[in-house]
Amino acid sequence: MPERNLLYLFLALNVGLAGAFIAYVFVTNRGQPPIVSAVFPTNKTNLSTNAIGLLAAIKPISTNPPAPGRLPESSPTLPPHTNQQAELKPVFTRKQFNWDRVQSDEYLKYIDSLRAVGCPEEKVQYIILADINELSAKLRLKEAIAHDTQWWRAEPAEMMLVNALQEKGRELEEQRRALITKLLGAEALESEQGEGLLWSNVQLTGPVLGSLSPELHNQVQEICAHSMERHQSTFWARANGGQPLNPVEMAKLREQTRADLKQVLNNQEMEEFLLRYSYNAQQLRSDLHGLEPAPDEFRKLFRALDPIDHQMQMDYGSKEALSEKQKDRYERQREEIIKQTLGPQRFEAYLLTKDPLYRQAQMFATQYGAPAKAILPIYQMTKANESKRQKIVTNPTLTPQEKSDAINAMYQEQQRSIQQIASEANGTPAR
């Protein structure tokens, strides 16, 4: 019985203590200012940096006991009210900023909001520059993709496209600098590194090379500029000395450029660069002229052929320096790689493009404005005419004049046939 009474006593004491704690919490929270949530834009740059500024603006609450004779403060002391602080009312938005919105009055209010919560000025400048540079990078990438060349095709990029991209690069840099001046003043612009080498020597286009940072982009441009200088110096030294270019020496110069680029580019970036601008990619495009490879086909072929082509050039300069046995082994190795990559049917089409008469048919199709589907009929016709020409030339019963007349008549008929094939392929009646 006494134990039960003791248990009831302990329970009553616990209930009393709980009630006293609740009353204490209620009394101490009275008079405290409400908590206001300020939400920054959801942009990844703004989100991380603005949090730093907001934390810097919050005055830490002291945990030290009050001095004797003083009552504890119920809330932090607020700074004196000024006109400037009245103007800098916190105004935040959940919308992400794009290039147009960064140039608008809304973004100026956003900057005022950062200052209103006490974000240090150097952090405000860091946030604004990060936003401007991030949006500028998106614009550069958009232009790099829009101006990307068909690097898998034999047709060279037109100079007008290169000039247009260089002009666009200058325009984007001027816009970026003008916006920095508008938002942060001329002093901030003086300390900001420029992006003046954009697309100056080579087009770094496409989704991979177009995503390079301005610093890395400029490094690649400088490497390419030094490479061009080395090649030009070697060329003029040979020309002034009356000596032909040494293929091995030129291959070593190209290897130096590759080594320099590997110091700054990763494997994916390096491959994209070589696909567009390397000597071996240019040679492969010429070799596949007429086959019209797809981008994936060209990429696979380049991956397989570039190592053996590059090594051969480093050792011998070109295949013309190989012995007949070496050349035969080298060409058979390349053809086997091409066959495995393209498949039997596409490989047969590739072998067809090696026929000089097929190349001639391609030239005729281009000359008469015929589409690609007209090349094969023209090739078959010119191949048949070549057999006729051989018979005329070897005919012992014909005089030289008769042979010449027969060949001229055959060529005139061939020209009319090509015109007819081209017209039919274009869907227009032949005249």
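The structure is a predicted model. The protein contains 19 helices and 0 strands. Of its 431 residues, 34% count as buried.

**Overall make-up**

- The protein exposes about 27,500 Å², and carbon and sulfur atoms supply 55% of that area.
- Among contacts between residues at least 6 apart in sequence, 65% join residues at least 24 apart.

**Helix α11**

- Helix α11 comprises the 16 residues 247–262. At 1.5 Å a residue it should span 22 Å, and its end C-alpha atoms are 23 Å apart, which agrees.
- The buried residues of α11 are Met-250, Ala-251, Leu-253, Arg-254, Thr-257, Arg-258 and Leu-261. Because these residues cover an arc of only 155° around the axis, they lie on the same side of α11.
- On the other side of α11, Lys-252 and Lys-262 are exposed.
- The cover over the buried residues of α11 includes α10, α12 (267–277), α13 (279–287) and α14 (295–316).

**Helix α13**

- In α13, the buried residues are Asn-280, Ala-281, Leu-284, Arg-285 and Asp-287. They cover an arc of only 160° around the axis, so they are placed on the same side of α13.
- Among the elements that cover these buried residues of α13 are α11, α12, α14, α15, α16 (344–353) and α17 (356–367).

**Salt bridges**

- The count of salt bridges in the model comes to 23.
- Arg-276 and Asp-148 meet through their side chains in a salt bridge, at 2.9 Å from N to O. Arg-276 belongs to helix α12, while Asp-148 sits in the loop between α6 (121–146) and α7 (159–184), so the pair ties together parts that are 128 residues apart in sequence.
- Within this pair, Arg-276 is buried, with a relative accessible area of 8%, whereas Asp-148 counts as partly exposed at 24% relative accessibility.
- Arg-276 and Asp-148 also belong to a network of salt bridges that links them with Glu-271, Glu-272, Arg-299 and Arg-303.
- The side chains of Arg-334 and Asp-287 form a salt bridge with an N to O distance of 3.7 Å. Since Arg-334 lies in helix α15 (residues 324–342) and Asp-287 in helix α13, the pair ties together parts that are 47 residues apart in sequence.
- Both Arg-334 and Asp-287 are buried.
- Glu-173 forms a salt bridge with Arg-177, with the closest N and O atoms 4.0 Å apart. The two residues are 4 residues apart in helix α7, which means that about one helical turn separates them.
- Glu-173 is buried, its relative accessible area being 9%, whereas Arg-177 counts as partly exposed at 32% relative accessibility.

**Nonpolar surface patch**

- Phe-235, Trp-236 and Leu-245 form a nonpolar patch on the surface. Together, these three residues have about 320 Å² of accessible area.
- Of these residues, Trp-236 lies in helix α10, which runs over residues 214–240. Helix α10 is also among the elements that cover the buried residues of α11.

Methods: Residues numbered from 1 in each chain as written. Predicted model: local features only at pLDDT ≥ 70, side-chain atom pairs only at ≥ 80, totals over all residues. Heavy atoms only, no water. Patch = residues over 30% accessible without salt bridge, like charges linked within 9 Å, V, L, I, M, F, W, Y side chains within 5 Å. Areas by Shrake-Rupley, 256 points an atom, 1.4 Å probe, with all protein chains shown as cover. Expected span 1.5 Å × (residues − 1). Buried < 20%, exposed > 50% of the residue type's maximum accessible area, 1.4 Å probe, protein only. Arc of directions from axis to C-beta. Contact = heavy atoms within 4.5 Å.
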